[in-house]
Amino acid sequence: MKVVVIGGGIVGLSSAYFLQQSGHEVTVIDKTDMSSNCSYGNAGYVCPSHFVPLATPGIVQQGLKLMWNPRSPFYVQPRLSWSLIDWGMKFMKIATPEHVERSAIPLRDIAVISKKAYEDWAQLPQFHFAYERKGLLEIFQTDTGGDHAKHMMEKAHELGLTDTVLLTKEELDRLEPQTRINAKGALHFKCDAHLYPNKLMQQLLADLRQKGVRILVNEEVTGFENSKGQITQVRTRKGIYDADAIVLSSGSWSRELAAMMDMKIPLVPGRGYSVTLEDSPYKLNHPAVLIEGRVALTPMDGNKIRFGGTMEITSTDTPPRMNRVKGVLEAVERFFPDFKVPMPTMDQVWYGFRPCSADGLPYLGRTRKWKNVVVATGHAMVGLSLGAGTGKIVNEILNEETCSMDITPFDPDRFS
C-alpha cells in the first residue's frame, strides 16, 4: 500500500517506521524541516505513570485564576476564537472525576506498549538515544502535595504499577546526594524511563531514509482529492501524491488539516518551553516533576539537563512569552536552591505546541468519514511517551490486525 503520513513528529515517524517494516511504501510530509518540533524539546519521559488526562476537575478554574499571572504554569490566552470556545466547552463538560477514572487504564496501556517499543529500539545497532530506566520522581514541598502523592501511589498500585513508592525527605536525599532539595518527600515511579529526544528523532529520521521511506520537508499540505469514500491524493505547494491510505499525525495543525477533509477534531495548541544546559554544572540522577512548581527536570545524554514546563493555550502565531521561561526557572530554584540558572536569551529557549484534545486523550483510529484515513494526534504533553506505541497501533489498524489494546476510548469521531 502507498501510505502518506502527514506530520514528522514522533507519532508520524513511529508510524512510518512500523508501516515500512510491514512492507508498505511510505511517504512522510511535514510543513517544517523536522528539526525542532515538540518531539525534540520535550522532557524525554517514557512514562506509564502519566495515567491522568489533562481534562481533570478544577483545571479550568485554575486556568482562569492564573490567567493574569505572566509566569503561571497554566494559561489560557483570552481571544475570540470559535474553535477555542468549542474546545473549551467540551473540555469543561468532560473534566469530571468519572472521566479521570475511566481514562487511567487506556493511558496506562498505550504507555506500556510504547515503552516496550522504545526498549526494543534501544537494542538495535542504529539507535543510541540514551534510553535509561531510572524511574521518575514527583517531588512535593507541602502537605497537600504529599496527600496528592499518596493518592497517586494508591491509584498506581490499583493499575498494576506496584513498583511505585513514597519517599521520605531522607530517602529522597539518598537518591540525589549531589544537590540540596527543598522538599518534604517524593513519589518514585520506578516503572518510568527517559531518553534524549534529539538523538531519537535524528536517528529515527536517518533510519527511515536509509530504508527508503520518502521524507518530504518544508511541504505544506494544501488539499486532498477523494473518490468513493476514500482520500486518493494529497496536494502540497510542491506536488500531488497518490495515496492508498492516509495517517493524519500533524500535531497542533491537525484540526485545520482534518477540516480540509470535512472532519471535525476538537483540538487546540498548548505551548510549552524548555531550556537545555550542555555540560551542566548541576547534577541530577533522576528525572523529576516538581508538583507545586509544575516543572519537569531531566538529566539527559550524560552531560545535559533540561528544564521544561508550562501549558499555554494560545494560537500558533502568538509570539513566545519569556516570562513563562522565567517562571520555570524560578520554580526550579525554589526546589533546588543551588540551581541558579541565568535567564537565557530567546535563541537559547526552545518552545513548541502540543496538540491538546478536548478530553486529554489522544485521537487514534479510523475515522468513519473516510475508509482509508487513520487519525493519530492529540497526545498533549505525552506525545513522546506514547509516540512509539501509537505508531505500532497505526500499523496494526492499517494492516487490519487485532490492536495491541482496546483503542475505543481514543475514537477520533467521539465528539462528532
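This is a predicted model: local features need pLDDT of at least 70, side-chain atom pairs count only at pLDDT 80 or more; totals for chains, interfaces and linings use all residues.

Guide: Start with who touches whom. In H1, Ile10, Leu13, Ser14, Ala16 and Tyr17 meet Leu200, Met201, Leu204, Leu205, Asp207 and Leu208 of H8. By class, this contact of H1 with H8 has nine nonpolar, one polar and one charged residues.

Visitor: How is a packed pair of helices described?

Guide: Two packed helices are described by the angle between their axes and the distance between the axes. Here, H1 spans residues 10-21 and H8 spans residues 197-210. Their axes come within 10 Å and cross at roughly 35 degrees. The crossing of H1 and H8 is left-handed.

Visitor: At what angle do the axes of H1 and H11 cross?

Guide: Roughly 40 degrees, and the axes come within 7 Å. H11 covers residues 383-398. Angles under 35 degrees count as roughly parallel, so H1 and H11 are oblique to each other. H1 passes H11 in a right-handed crossing.

Visitor: Which residues of H1 meet H11?

Guide: Ile10, Val11, Ser14, Ser15, Phe18 and Leu19. Their partners in H11 include Gly383, Leu384, Gly387 and Ala388. By class, the contact of H1 with H11 has eight nonpolar, seven polar and one charged residues.

Visitor: Is Cys191 buried or exposed?

Guide: Buried, because its relative accessible area is 5% and the cut-off is under 20%. Cys403, at 21%, counts as partly exposed.

Conventions. Residues are numbered from 1 along each chain as its sequence is written. Side-chain values use heavy atoms; hydrogens and water are left out. Buried means under 20% relative accessible area, exposed over 50%, partly exposed in between (1.4 Å probe, protein chains only). Axes are lines fitted to C-alpha atoms, for helices over the stretch in contact, and angles run from 0 to 180 degrees between N-to-C directions. Helices (H or I, at least four residues) and strands (E, at least two) are DSSP runs, numbered from the N terminus. A crossing is left-handed if the near helix is turned anticlockwise from the far one by less than a right angle, and right-handed if clockwise. Contact means heavy atoms within 4.5 Å. Ala, Val, Leu, Ile, Met, Phe, Trp, Tyr, Cys and Pro count as nonpolar, Asp, Glu, Lys and Arg as charged, and the others, Gly among them, as polar. Angles under 35 degrees count as roughly parallel, over 145 as roughly antiparallel, 65 to 115 as roughly perpendicular and the rest as oblique.
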